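Try each one before you read the solution.

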Amino acid sequence: MPGGAERILRRRIGSVKNTKKITRAMELIAATRVARAQQRAKAARPYSEQLTGVIENLAAGGADVDHPLLRQVENAERVAFVVCAGDRGLAGPYNSAVVRSAEREIQALRAGGGDYRILAVGKKVNDYFSFRNYTIDSTYGGFTDNPTFEDARAIAQRVRELFDSGDVDQVELIYTEFVSLGTQRAVVRRFLPLEPVSVMAEEGGGDAAALAGFSFEPSSGGVLADLLPRYVEARLFTALLDAAASEHANRQRAMKAATDNAEDLIVKLSRAMNRARQESITTEIMEIVGGAEALGGDSGDEAEAVDLERVLATGNPSAN
Amino acid sequence: MVMQVEFVSPEDILYSGEGTQVTARTRGGGEIAFLTGHEPFIGSLVPCEVRVSEASGDVKRFAVRGGFVSVNGAKVTVLSDAAVPAADVDASAAQADLAEAEAALESDPTDAEARMNVQWANARLAAISTGSGHSADH
C-alpha cells in the first residue's frame, strides 16, 4: 500500500527526535555537573595539600616510625581492590574501562595463586562482579556522582579494618583519573601500604622553605600516627571526587555523541521518508496514466471520449 | 601584628581570616594558645573548642573533632575532618550525643570511641556555652 513506508518512517523520526531531546538534556546536565565536580575537587585540594605539607615537615624532622599503615609485605598474595565507578550507565566507556582493568588485575593475581577482595564502589561495579560470581567483600553506592567525605570515610574504615587485621597485605585503588575535560583514564594505584614517609614527602614536592625546625606535640611519631589514617581518607576522597568528575565528563561526551547521532539519523530518515513519499506519488500517477492508457486501448475509437479530467479526479474510471 | 588563620576541612576551607590569638587543645599538651611569632609547631588536636580572636576584637569559636594545628610564621592552619562553627552547633543533638556516649563509656570504660564521642560532644557544648569560653570538662 503506498504511503505505508512513509508513515512508518515518520513515526521513527518522531521517536528519534524525542530521544534526541532526552540525550541533549542529559548532556547539558552532565556539563554543569562536571563543572561542579571540578569545583569540589578544587575545594578539597587544600586539605590534602596541607596534610602532605605536615608529612613533609615530619619527614624533615626525621620521623620515620613504625605504623601499621606502613607495613610492607614481600610478595603480597592477599590483595583488596577498591573499584570505583558509577551507579548509573549511559556514560560511554566509563564503567566498563574501570571494571575491565579491575578484572584484569584480579585475574593476574589469581593466576599467581593470590587471593582477592573486592570493595565495589558504585552499583555498576557490584552488578558486574556479582553477575560473574566474584565474591564481593563490601559494596557502596548511591553517591558516586556526588561523593561526600563521610562516604570516603566509610570506605576507608573498611579498608583499614582489612589491612590492620592482616586479612590483606595490600590494597589497590582502581578509579578514573580526571586529567582534563577531554581526557580521563582508568588507573590502578597502590593504596596501602603507604609509601615510607620520606617518599611521600618527596612526591608532595613541597616548598623547602616550610621545612624549618618544627616542634611537634605530642611527638613527631604521635602526630604521624594521627595523621596517616586521615591521609588515607583524604586520598580516597580525592579519588572519589576525581571519579565523579570523570563520570560526568564521560556522560557529557557520550550524550553529545548520542545527540549528534540522533541528528544524523533524523536527516537520513527524513531523506528516506521524502523518497518514499515521492515514490508513492509517482506510483499513483503511473497507475492513473497506465489505467487511462489501458482504457483508451480497450475502447479503440472511443479513446478520445475518455474524460481524462474525470479519470484524474476519481483515479478509477471503471467505477463510473 | 595579626596572623593568617585558616580552617581547612576535607571538603573546603571553612574559615579564613586574620586573628591575633588562636587557642586549641593538643593531645598530651593541654590547652595551648598561639600568638604571632610562635615557633613553628605542629600539634595533634583532641576534640575541643578552638577560639580565634580576630583583629576587630571578636572571638570566633569552633568545635573541632580532632585534627591538626600547624603554625608557621604568621600563618595558623587548623586541619580537621570535622569542624563546626559555634553558630552551627545543634545544642540538643550535642546533649543527646553526650548522654549516649557517657552511657556507653559507663558500661565499657575502655571504649575509646565513646570517650572520643564524649569529648566531641563536650567540645560542641563548650563552643556554644557563654562565659569565658573555658569548657567545663577540663
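**Exercise 1.** Which residue in strand 4 of chain B is the bridge partner of A:S215?

*Solution.* Bear in mind that this is a predicted model. Start with the strands: strand 6 of chain A is joined to strand 4 (residues 41-45) of chain B by 3 bridges, and the two run parallel. Now look for the partner of A:S215, and you land on B:F41.

**Exercise 2.** Work out what chain A brings to its contact with chain B.

*Solution.* Count residues to begin with: chain A puts in 25 and chain B puts in 22. Next, ask which elements of chain A give two or more residues to that side; they are helix 1 (4-60), strand 6 (215-217) and helix 6 (220-299). Finally, sort the chain A side by class, and you get 16 nonpolar, 5 polar and 4 charged residues.

**Exercise 3.** Describe the make-up of chain A as a whole.

*Solution.* Tally the elements: chain A has 7 helices and 6 strands. Then walk along the sequence and write down the order, which comes out as α-β-α-β-α-β-α-β-β-α-β-α-α. For burial, 33% of the 320 residues in chain A are buried. Last, take the contacts in chain A with a separation of 6 or more: 78% of them are between residues 24 or more positions apart.

**Exercise 4.** Find the strands that pair with strand 1 of chain B, and say which way they run.

*Solution.* Take strand 2 (residues 13-26) of chain B to begin with: strand 1 (residues 3-8) pairs with it in the antiparallel sense over 6 bridges. Within this pair, B:F7 sits opposite B:Y15. The link between the two strands is a hairpin through 4 residues. Now turn to strand 8 (residues 75-79) of chain B, which runs parallel to strand 1 and is joined to it by 5 bridges. Here B:Q4 is opposite B:K75.

**Exercise 5.** How do the two domains of chain B meet?

*Solution.* The contact between them takes 12 residues from domain 1 and 11 residues from domain 2. On the domain 1 side, strand 5 (48-54), strand 6 (59-64) and strand 9 (83-85) of chain B each supply at least two residues. Strand 6 of chain B gives the most, with 4 residues. By class, that domain 1 side holds 9 nonpolar and 3 charged residues, with no polar ones.

How values were computed. Residues numbered from 1 in each chain as written. Chains lettered and ligands numbered in written order. Predicted model: local features only at pLDDT ≥ 70, side-chain atom pairs only at ≥ 80, totals over all residues. Contact = placed C-beta atoms within 7 Å. Nonpolar A, V, L, I, M, F, W, Y, C, P; charged D, E, K, R; others polar. Pairing = 2+ DSSP bridges. Buried ≥ 20, exposed ≤ 12 C-beta atoms within 10 Å, placed from the backbone.
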